[in-house]
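Open the model in your viewer and keep the selection tool ready. We will go stop by stop.

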Amino acid sequence: MLKKYLVFFVVCMSIGSASAAKDKDSIQIKGSDTMVNLGQAWAEKYMEVNPKEFIAVTGGGSGTGFSSLISGTCDIAMSSRDIKQKEIDLARQKGIEPNEIKAGLDGLAVVVNPFNPVDRLTMDQLAGIFTGKISNWKELGGRDEKIVILSREVNSGTHVYFKEHVLRKNDPGGREEFSPGALMLSSSQAIADEVAGNPAAIGYYGMGYVSKKQKAVAVAKDGQSEYVPPLIENVVSGAYPISRPLFLYTNGVPQGIVKDFVDFALSEEGQGIVLKTDFVPINK
């Protein structure tokens, strides 16, 4: 009798799950802290038009987004980096097929305190600072102060991108790492707040987080190149040397409400929100 009951229970649960999937009216979005404000802005506008549907958006880093997608605890992962092969392999082992959707572009701003006289740096100088080879602002024309290095933590797509693109200069065989003295902070906002209150600090994050409390430095590819500020037009033209795509990842081709939301994010209205949150639309 117990065995028959268990079989009946499992069958009912399966039917209920299929019905829930068909009638799903909410989705969970997790991942990139760089994209969390953008994701929330998309969600708010989407829910205005679709009041019976609910979109929950949380950060935690690109790695967290992928982990949640793989474990089935989110419907969409936001990421500021490409998915790694090992993440794809793990996902497929669990029956998840990551589907990549480019949703915008971002320029990574390098920021210092507004009272710091340094306002331009080359890519080599940035690599020197963040690996710890350059340790005092006077080496860069600034005050005689020890440089306070701020970084996103290792789970962040922003951390991974900055390490691979700036520290390792896109060299697949590069082994450069952040200085052991770098302070690893949990969010872009945490870096912004620390830079605002610390004249010796330097950090990096998506340019959408820059406010009057921080100063974004102009960056040059090398000593002979033009110093370019992190502005939308410079990301679009490719002149700004630290820029990257922003992604949404789903399990396979989006269906139902997930497809509706992705379609909205890629629509003219959704891409207008990308621009309003200081990112770059994919159709610019």
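Two strands pair if DSSP finds at least two bridges between them. Helices (H or I, at least four residues) and strands (E, at least two) are DSSP runs, numbered from the N terminus. This is a predicted model: local features need pLDDT of at least 70, side-chain atom pairs count only at pLDDT 80 or more, and totals for chains, interfaces and linings use all residues. Residues are numbered from 1 along each chain as its sequence is written, and side-chain values use heavy atoms, with hydrogens and water left out.

**Stop 1: strand E3**

Select residues 76-79, which make up E3. Click Lys30: it stands opposite Ala77 in E3. Next, show strand E11, residues 243-251. E11 pairs with E3 in the antiparallel sense, over four bridges. Here Ala77 has Tyr249 as its bridge partner.

Are the faces of E3 covered or uncovered? Both are covered. Ile76 and Met78 on one side are buried, and so are Ala77 and Ser79 on the other. Buried means under 20% relative accessible area, exposed over 50%, partly exposed in between (1.4 Å probe, protein chains only).

**Stop 2: Ser32**

Move to the loop between E1 and helix H2 (33-49), where Ser32 is found. Ser32 counts as buried because its relative accessibility is 1%. Which residues does Ser32 touch, not counting those up to four places away in sequence? They are Gly61, Ser62, Met78, Ser79 and Ser80; contact means heavy atoms within 4.5 Å. The Ser32 side chain also reaches the backbone nitrogen of Thr34 at 3.2 Å.

**Stop 3: salt bridges**

A salt bridge is a side-chain nitrogen of Lys or Arg within 4 Å of a carboxyl oxygen of Asp or Glu. How many does the structure hold? It holds ten.

- Select Arg81 and Glu87: their closest N and O atoms are 2.8 Å apart. Arg81 is buried at 8% relative accessibility, and Glu87 is buried at 12%.
- Select Arg92 and Glu97: their side chains meet at 2.8 Å, N to O. Glu97 is partly exposed at 35%, and Arg92 is partly exposed at 47%.
- Select Asp124 and Lys169: the closest N and O atoms are 2.7 Å apart. This pair links distant parts of the chain, 45 residues apart. Asp124 lies in helix H5 (residues 123-131), and Lys169 in the loop between helix H6 (157-167) and strand E7 (183-185).

Finish with Lys163, Arg168 and Glu177, which salt bridges with shared partners join into one network.

Note on methods
A polar contact is a pair of N or O atoms within 3.5 Å; within protein, one must be able to donate a hydrogen and the other to accept it, and residues adjacent in sequence count only if both atoms are side-chain atoms.
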